[in-house]
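Colleague: Before we discuss this entry, could you put the sequence and the coordinates on the screen? I would then like to go through some local features and the packing of the elements.

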Amino acid sequence: ITMRLTAGASILLASSAHAFTNPAFFPRTATFASTSSYTSALILKMGVDQDELKKQVGYKAVDDYVKSGMVVGLGTGSTAYYAVERVGEKLKSGELKDVLAIPTSIRTKEQAESLGIPLVTLDTHSKLDVAIDGADGVDPELNLTKGGGGALFREKIVEICADKFIVIVDESKLCDGLGPGFPIPVEIL
């Protein structure tokens, strides 16, 4: 699916500085952050590999947006993996307490269970405080492609039920336009 970020959504981008040799992204992101009700953040790290960038942005999303007592939507994918990992770490250390989570896939459910994260469903908790998930592509207008990993319907439902949706991406997800470099997922119900 493709989607446009709406009010209450934030995007966290982890990047090495060279990602912004394409001027279409940095000015748009700066304008986006300063002239609308959206918020965004940019993490610039020189000489850091892609997995480390994913880890940094996943951890930052949890550190900045997840508080004790919240109901949290846990996304699916290689970047969301690190957000789930961070929730588990903070619960284990006692830094977070009374957090309940709703996973968007079987893979995320299994990861959360292995980390001791208490899980609930939308049947019992239909209002979420925050959902954190990645995206498969982000264009200069901040439109997203999501659902390439096969959890598209569950991701969309969890994100709609959240008061705040945090999108976490690394520079490899930036694209000039949606579609050419990544097929647009479609799910029929």
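Colleague: Is Asp98 buried or exposed?

Modeller: The model is a predicted one, and in it Asp98 belongs to the loop between helix 3 and strand 5 (100–103). Asp98 has a positive phi of about 55° although it is not a glycine. Its relative accessibility is 66%, and because the cut-off for this class is over 50%, Asp98 counts as exposed.

Colleague: Leu142 is another residue with a positive phi although it is not a glycine; is Leu142 buried or exposed?

Modeller: Most residues other than glycine have a negative phi. For Leu142, phi is positive at about 65°, and the residue sits in the loop between strand 7 (137–138) and strand 8 (143–145). The relative accessibility of Leu142 is 5%, and since anything under 20% falls in that class, Leu142 counts as buried.

Colleague: How does helix 3 run relative to helix 4, roughly parallel or oblique?

Modeller: The axes of helix 3 and helix 4 (residues 106–114) come within 9 Å and cross at roughly 25°. Because an angle under 35 degrees sets the class, helix 3 is, relative to helix 4, roughly parallel.

Colleague: Which residues of helix 4 make the contact with helix 3?

Modeller: The crossing of helix 3 and helix 4 is right-handed. The residues of their contact divide into three nonpolar, two polar and one charged. Helix 3 contributes Tyr81, Val84 and Glu85, while from helix 4 come Thr108, Gln111 and Ala112.

Colleague: What separates the C-alpha atoms of Tyr81 and Thr108?

Modeller: Tyr81 lies in helix 3 and is partly exposed, with a relative accessible area of 40%. Tyr81 and Thr108 are 27 residues apart along the chain, and their C-alpha atoms are separated by 7.5 Å.

Colleague: Why is strand 9 said to be largely enclosed by the rest of the structure?

Modeller: Strand 9 pairs with strand 6 (residues 128–133) in the parallel sense over five bridges, and Ala131 stands opposite Phe165 in strand 9. The reason for calling strand 9 (residues 162–170) largely enclosed is its burial, since of its nine residues the number buried is seven.

Colleague: Across the whole protein, what share of the 189 residues is buried?

Modeller: The protein has five helices and nine strands, which run β-β-α-β-α-β-α-β-α-β-β-β-α-β from the N terminus on. Among contacts between residues at least 6 apart in sequence, 80% join residues at least 24 apart. Of the 189 residues, the buried share is 47%.

Technical notes
Residues numbered from 1 in each chain as written. Predicted model: local features only at pLDDT ≥ 70, side-chain atom pairs only at ≥ 80, totals over all residues. Heavy atoms only, no water. Buried < 20%, exposed > 50% of the residue type's maximum accessible area, 1.4 Å probe, protein only. Helix = DSSP H or I, 4+ residues; strand = E, 2+ residues; numbered from the N terminus. Pairing = 2+ DSSP bridges. Axes fitted to C-alpha atoms, helices over the stretch in contact; angles between N-to-C directions. Parallel < 35°, antiparallel > 145°, perpendicular 65-115°, else oblique. Left-handed = near helix turned anticlockwise from the far one by under 90°. Contact = heavy atoms within 4.5 Å. Nonpolar A, V, L, I, M, F, W, Y, C, P; charged D, E, K, R; others polar.
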